[in-house]
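Subject: Structure handover

Hi,

Here is the structure for you to look through. My notes follow below it.

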Amino acid sequence: MIDITNPPTLTDVAARLPAVWEAGLRATRLLRASWSPDRGTPVYTEAGTYTTRGWTEWTQGFQFGNALYLYEVTGDTEMLAYGRSATVDQMAHHLTHIGVHDHGFNNVSTYGNLLRMMAEGTIPHDPWEAEFYRLALKVTGAVQAARWTPIAPTGGFVHTFNGPHSLFSDTIRSMRALSLSHQLGHVLMGEQDRRISLLQRLVAHADATARYNVYFGTGRDRYDIRGRTVHESIFNTNNGVYRCPSTQQGYTPFSTWTRGLAWIAAGYPEQLEWLRTRSPAEFEEISNASASADAIPGTTGSAATGRDAVEAAWLRTACAVADFYIEQTPTDGIPYWDTGAPGLIHLGDYLSRPAEPYNAHEPVDSSAAAITAQGLWRLAAYLEAEADRLAHMELDLDGEGPQRHTAAAIARRAERYRAATLVAANTLFGEPYISTGDTHEGILLHSVYHQPNGWDYVAPGQKVPNGESCMWGDYHLLELAVMLHREAEGRAAQRFFDIDAAGGSAAAPNGASS
């Protein structure tokens with residue numbers, strides 16, 4: 001369990017940030033110099049050098065997003081020029097890629113960050129450049145929403161590259177693309193000019209993810225532990241009926257692959273932040289829209305779609321996953337790659353001491369820690385800011401069912417998540433997790449990609465993968481560092497949807513159906 005009895009302060013953690021920026025600049029320059037676009041997309045390192053893996057090109061936005069974050073905190077104009085030009089030259093095909101569920105990863109990390117930085121005044125405002133980014137974000141959200149599987153009794157989800165039967169936990173993080181596209185007044189156009197609400201599909205996808213990929217301790221199966229997650233859920237596409245849990249990168253469907261959990265832990269809090277910027281009327285519109293528009297013929301029923309109901313459902317999910325992570329992670333905030341990994345039995349009481357990346361039995365996954373930590377931080381900030389209002393709602397924050405929670409109790413929960421973030425960040429921002437080698441192309445060490453397939457590099461003399469980096473680990477480490485840096489400086493929080501000051505329309509679309 002993460003030890004939050006005496007967590008470091010934000011000042012303590014911020015003192016480690018210069019080493020993060022140094023590692024980030026070094027690694028980004030090395031990768032830029034060595035990587036040719038004709039090699040595809042860098043995914044993870046082998047012996048400190050980035051290589052690719054032809055599964056899907058879901059990591060290129062992180063490659064260029066790293067440079068943008070480094071410019072944001074260091075002012076290094078080389079990083080801005082690189083991130084901006086690479087976005088224009090190399091990211092366009094990701095906008096119209098109809099075969100993946102990764103639009104939020106690739107396009108919000110690039111076009112989205114550039115528009116946000118322009119809105120915040122980090123880069124100069126240019127009307128046509130801003131319009132270019134807005135158009136890109138409108139397109140990516142609609143294209144992502146078109147990859148749709150309807151399920152019974154109603155609703156649906158954005159399906160994965162595996163096919164229309166497959167719902168990944170990862171994809172909740174791509175809902176940012178739908179959020180921004182909707183925020184910019186866009187809809188998905190269907191047959192006979194049907195206007196399809198991106199908000200409706202976002203809410204339906206989040207409902208399906210929580211319903212099928214997250215466990216709440218309600219006796220769903222023998223392994224139903226509150227906050228546990230499964231990587232993938234499988235559906236019968238003939239009738240939209242749920243069939244079973246599954247996994248691609250975890251040990252089993254009945255254990256928790258910690259990076260799969262991490263996407264959910266980060267995804268719901270950022271959507272909660274966005275939710276509070278939208279009007280209740282927008283949710284009334286999707287509630288009143290035809291519930292059968294995306295449903296399987298002959299079925300009835302729907303998930304609650306009013307704003308308060310959506311908020312309650314997302315809070316229930318975010319808190320359950322956050323609590324599970326804190327309880328099932330070693331004291332320093334770094335998890336092993338899967339909570340049910342078979343070699344953990346050889347590590348004894350591994351939850352009562354810091355993670356051991358150089359052990360001989362199971363790898364840790366620092367990327368899961370970097371992703372989850374920012375989710376915990378956002379959730380803590382949300383609960384703290386909204387405690388007085390939330391105290392008047394019936395909420396399930398602790399697995400005991402909907403009930404009133406005092407503002408003080410909500411604030412204590414927020415403080416717990418905040419403390420866990422600081423513990424994990426303090427670990428991540430120092431050795432042995434931050435890369436210090438002059439030739440290593442990664443920033444965050446000790447991440448893993450696909451343990452079951454054996455894709456990760458195992459160094460001579462080691463038994464498990466360690467000492468290597470991945471694009472999503474590097475990116476989310478920097479994103480976490482930027483968040484904490486802004487907090488330490490007393491600046492406004494970094495939020496993916498703070499783009500409106502860059503100008504242009506931000507009106508919600510009218511007349512869209514579900």
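Predicted model: local features only at pLDDT ≥ 70, side-chain atom pairs only at ≥ 80, totals over all residues.

Backbone, positive phi

Ala47 deserves a look for its backbone as well. Its phi is positive, about 55°, although Ala47 is not a glycine. Most residues other than glycine have a negative phi. You will find Ala47 in the loop between strand E1 (44–46) and strand E2 (49–51).

His446 is another case. It is not a glycine either, and its phi is positive, near 70°. His446 sits in the loop between H14 and H15. Its relative accessibility is 1%. The limit for buried is under 20%, so His446 counts as buried.

Backbone, cis peptide bonds

Most peptide bonds are trans. Two bonds to look up here are cis. One runs from Ala152 to Pro153, with omega near 5°. Pro153 belongs to the loop between strand E3 (148–150) and strand E4 (156–158).

The other joins Glu431 and Pro432, and its omega is about 10°. Pro432 is in the loop between helix H14 (407–428) and helix H15 (471–488). His446 is also placed in the loop between H14 and H15.

Now to the strands. E5, E8 and E9 form an open sheet of three strands, in the order E5-E8-E9, with antiparallel pairing. Which strands stand at the edges? They are E5 (166–168) and E9 (241–246). Each has a single partner strand, so one side of each is left without a neighbour in the sheet. On average, neighbouring strands of this sheet are turned by 25° against each other, direction ignored.

Strand E8 covers residues 232–236, and its antiparallel pairing with E9 runs over five bridges. For a landmark in that pairing, take Ile234: it stands opposite Cys244 in E9.

Then the helix. H9 (residues 198–213) lies across E5, E8 and E9. Relative to E5, H9 runs at about 90°.

Best wishes

Note on methods: Residues numbered from 1 in each chain as written. Heavy atoms only, no water. Pairing = 2+ DSSP bridges. Helix = DSSP H or I, 4+ residues; strand = E, 2+ residues; numbered from the N terminus. Axes fitted to C-alpha atoms, helices over the stretch in contact; angles between N-to-C directions. Contact = heavy atoms within 4.5 Å. Buried < 20%, exposed > 50% of the residue type's maximum accessible area, 1.4 Å probe, protein only.
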